[in-house]
Amino acid sequence: MEELPDLAATVRELLDRHAITDLIYTYCFHFDNNEPDRIAALFTDDVVLDYGPDRSPIHGRAEAERRLARGLREVFAATSHNVSNVRLRFDGTDSCEGVTYLFAWHRYHDGAPDGYLWARYHHHFRRTLGGWRIAWLQLRVLGTVDFHSPEVYPVQRA
Amino acid sequence: MEELPDLAATVRELLDRHAITDLIYTYCFHFDNNEPDRIAALFTDDVVLDYGPDRSPIHGRAEAERRLARGLREVFAATSHNVSNVRLRFDGTDSCEGVTYLFAWHRYHDGAPDGYLWARYHHHFRRTLGGWRIAWLQLRVLGTVDFHSPEVYPVQRA
Amino acid sequence: MEELPDLAATVRELLDRHAITDLIYTYCFHFDNNEPDRIAALFTDDVVLDYGPDRSPIHGRAEAERRLARGLREVFAATSHNVSNVRLRFDGTDSCEGVTYLFAWHRYHDGAPDGYLWARYHHHFRRTLGGWRIAWLQLRVLGTVDFHSPEVYPVQRA
């Protein structure tokens with residue numbers, strides 16, 4: 001078997017994979033708890049969030065907290081963001097790209113039928129002095145049932 | 001980059017994370033196979049399982065096996081327990097708390113519509129001579145569709 | 001605490017676990033993108049794929065690409081393959097068995113209702129000169145709703 005070139009560097013990357021995966025799960029946890037301030041704490045100052053073509057991208061942590069708070073309060077009575085298939089690719093030691101599967105269930109305040117979403121998060125992550133943060137997020141959609149957003153970025157099948 | 005303070009301790013914790021995650025998946029595997037004796041083998045002797053406010057908590061491995069066996073035999077024709085978003089926090093080297101997402105599908109013997117559950121497992125894990133075991137479990141519910149339990153511990157949105 | 005017998009070997013196995021888990025996710029990614037050539041690149045030359053008793057097993061990478069291409073093109077308008085509960089057991093350093101949960105959503109070209117599948121992938125993985133590959137896959141089914149395959153290998157509950 002081949003030698004591991006640098007054991008410490010290998011372990012450090014495994015730890016970074018764990019930390020970034022935990023960051024994604026923490027986002028889901030606070031989303032489903034309706035805690036926009038805690039979600040915003042997971043972003044870089046200059047984060048860009050692009051949830052779909054039917055709304056303008058969110059720029060910066062303060063706008064993120066404000067706009068997420070409104071959606072979480074006005075639209076959703078309950079949600080569950082189940083993330084799986086986490087794939088990460090490092091670009092140097094302090095930057096990482098991710099593609100992650102999302103199965104999300106939504107119950108709405110207005111009594112509309114529950115909305116189901118099968119999608120992918122495309123992420124950029126950046127290591128900051130406070131640890132790994134989400135620097136960019138785009139939601140690309142595989143399919144929906146009774147979902148509230150009229151327009152999405154569809155995954156293009158070949 | 002910072003130094004890893006102790007490489008061996010870091011690797012040991014990564015292994016413990018793997019072992020505990022595998023323990024949760026093993027519980028799901030045997031649950032969906034209707035193997036209550038194998039589920040019970042994953043618990044500490046003094047395990048406490050708290051599946052909801054509509055039933056008394058289960059105390060100890062023997063009661064766990066007996067009560068799980070009854071539910072698995074009498075209620076469910078088939079189930080799937082899909083766990084994701086596994087988050088673990090160690091408390092010393094031999095104790096760990098976990099919060100994990102569950103998407104569970106249930107088909108019932110009585111012909112009721114399939115039941116869907118979006119929930120979180122809150123776990124305490126303990127290292128024993130035989131390895132990591134589940135010492136405590138509480139199920140907290142994000143949402144349900146046609147679920148058989150009339151009462152649950154709801155996740156409180158802020 | 002016990003000593004780790006060989007730190008480098010332990011780290012190498014953690015890396016292998018990561019590589020194999022990523023392999024499964026890559027399969028899902030290209031399946032949902034309708035990229036049969038990229039799926040086939042994940043298989044060993046002599047791969048065997050056994051998706052159910054209603055069709056003959058697929059033998060070899062070339063047949064895999066051809067038959068997957070037909071299904072992906074003719075049957076599915078969109079799919080999402082959400083994998084979780086990944087469990088791996090090594091058999092030596094270059095061979096591994098896996099059992100993994102699948103929640104799959106399917107939208108059909110023919111306008112049939114969306115199909116839902118709760119299942120397990122049983123896998124054999126083999127280390128090749130090009131890295132880990134899928135050598136064998138069998139799909140065993142926990143339950144379905146409106147699924148297109150009339151016959152499946154059912155998980156036998158005890």
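Tyr27(C) touches Ile39(C), Leu42(C), Phe43(C), Tyr51(C), Tyr121(C), Ile134(C) and Leu137(C), leaving aside residues up to four places away in sequence. Contact here means heavy atoms within 4.5 Å. A second, separate core has six residues, among them Val11(A), Leu14(B), Val11(C) and Leu14(C). The largest nonpolar core holds 139 residues, and Tyr27(A), Tyr27(B) and Tyr27(C) touch the most other members. Such a core joins buried Ala, Val, Leu, Ile, Met, Phe, Trp, Tyr and Cys residues through side-chain atoms within 4.5 Å; buried means under 20% relative accessible area with a 1.4 Å probe, protein chains only.

This is a predicted model, in which local features need pLDDT of at least 70 and side-chain atom pairs count only at pLDDT 80 or more, while totals for chains, interfaces and linings use all residues. Residues are numbered from 1 along each chain as its sequence is written, chains are lettered from A in the order in which they are written, and side-chain values use heavy atoms, without hydrogens and water.

Next, the interface of chain C and chain A.

| Item | Value |
|---|---|
| Residues of chain C in contact with chain A | 32 residues |
| Residues of chain A in contact with chain C | 27 residues |
| Area buried between chain C and chain A | about 2,600 Å² |

Carbon and sulfur atoms give 58% of that buried area, which is the accessible area (1.4 Å probe) lost on putting two parts together, summed over both. Arg12(C), Tyr25(C) and Phe29(C) supply 22% of the area that chain C buries against chain A, more than any other three residues.

Asp22(C) forms a salt bridge with Arg87(A), with the closest N and O atoms 3.5 Å apart. The rule asks for a side-chain nitrogen of Lys or Arg within 4 Å of a carboxyl oxygen of Asp or Glu. The count between these chains is one.

Notes: Buried means under 20% relative accessible area, exposed over 50%, partly exposed in between (1.4 Å probe, protein chains only).
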